[in-house]
Amino acid sequence: AEALEANTTYFWQVITENVCGESEFSASSKFITQNNAVNGSSATDLPQDINSGGTVSSIISISEDFDLSDVNVADLNITHTWIQDLQIRLVSPTGTSIVLLHQVCTDQDHMLLSLDDEGPNDVLPCPPTDSRSHQPENPLSTFDGESSLGDWTLEVEDLFTGDEGILHGLTSEFASPSGAVTLFPTSTGPP
C-alpha cells in the first residue's frame with residue numbers, strides 16, 4: 001500500500017460486484033489529508049566527542065505538534081574504540097526514555113545502522129555497520145501517541161573508562177497517523 005501525500009485532496013467512488021452483476025459507480029466523495037509535515041530543526045550539535053566514562057547528548061528540536069504513530073532512528077553513525085561500552089537512549093520531550101542499544105558486540109570500532117520497530121528481527125551484525133534497519137532493544141512504539149513537539153534527545157553513554165569515540169550523526173524520522181514522515185538529518189561522518 002502506498003502512503004497518502006499530506007495536504008492533498010483525494011476523490012473516491014464505490015462500485016459493487018456480485019453474482020447478480022455490477023452496480024453503477026456511487027457519487028464521488030472526497031477527503032483531504034492533513035499537513036503533518038514538521039518543519040522543525042535538525043540537531044546542530046554534531047559531531048560530539050564521546051568521552052571515556054561519560055555521556056553525550058544530541059538534541060533535535062521539533063517545532064510542530066502532532067500525535068506520533070511511528071518513530072525511527074536512521075543512519076546512527078558512531079565511531080568508538082569499544083562499542084560494547086555504549087548504551088544508547090532516545091528521550092522524548094515528555095521524558096519518556098527507552099534504551100535503543102545496550103552493550104552490543106565486543107571490541108568493534110564502528111556503528112552505522114538504523115533502528116526501526118518494523119526492521120528485520122535478525123541478529124545484529126558485529127560490527128553493526130551494514131547501514132540496514134534493525135529492531136532496537138526496546139520498541140520505539142513506546143512513543144506512539146505522544147506529541148512530536150519539543151526537544152528529542154539521543155543520549156550515548158560510555159559505561160566504562162579507557163575508550164573514547166565520536167557521535168557523528170543520525171536521522172530522526174517521525175510519522176503522524178496520516179502517514180506523513182519527516183526526516184531530521186544531522187551531520188554525518190565516518191565510518
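Two strands are taken to pair if DSSP finds at least two bridges between them, and strands themselves are DSSP runs (E, at least two residues), numbered from the N terminus, as are helices (H or I, at least four residues). The model is a predicted one, in which local features need pLDDT of at least 70 and side-chain atom pairs count only at pLDDT 80 or more, while totals for chains, interfaces and linings use all residues. Residues are numbered from 1 along each chain as its sequence is written, and side-chain values use heavy atoms, with hydrogens and water left out.

**The sheet**

Begin by selecting strands S6, S12, S8 and S9, which in that order make up an open sheet of 4 strands with antiparallel pairing. At its edges you will find S6 (55-62) and S9 (97-102), each of which pairs on one side only. Neighbouring strands are turned by 20° against each other on average, direction ignored, where the axes are lines fitted to C-alpha atoms (for helices over the stretch in contact) and angles run from 0 to 180 degrees between N-to-C directions.

Next, keep S6 and S12 (residues 150-158) in view: 8 bridges join these antiparallel strands, and threonine 55 has glutamate 157 in S12 as its bridge partner. Then move to S8, which is joined to S12 by 6 bridges, again antiparallel; here arginine 89 stands opposite glutamate 155 of S12. On to S9, where 5 bridges join it to S8 in an antiparallel arrangement, with valine 91 and serine 97 as bridge partners. In the hairpin of S8 and S9, which has 5 residues between the strands, select glycine 95 to see a positive phi near 100°.

How many residues of strand S8 (residues 86-91) are buried? The count is 6 of the 6, so S8 is largely enclosed by the rest of the structure; buried means under 20% relative accessible area, exposed over 50%, and partly exposed in between (1.4 Å probe, protein chains only).

**The disulfide**

Now select cysteine 105 and cysteine 126, whose sulfur atoms lie 2.0 Å apart in a disulfide, a term that requires a pair of cysteine sulfur atoms within 2.5 Å. The link is left-handed, with -90° about the S-S bond. Cysteine 105 sits in the loop between S9 and strand S10 (110-115), and cysteine 126 in the loop between S10 and strand S11 (133-134), so the pair ties together parts that are 21 residues apart in sequence. Cysteine 105 is buried at 13% relative accessible area, whereas cysteine 126 is partly exposed at 46%.

**The aromatic cluster**

Finally, select Phe143, Trp152 and Phe174, which form one aromatic cluster. Rings of Phe, Tyr and Trp (its six-membered ring) pair if their centres lie within 6.5 Å, with planes under 30 degrees apart counted as stacked, over 60 as edge-to-face and the rest as tilted. The structure holds 2 such pairs. Phenylalanine 143 is buried, with a relative accessible area of 0%, tryptophan 152 is buried at 2%, and phenylalanine 174 is buried at 2%.
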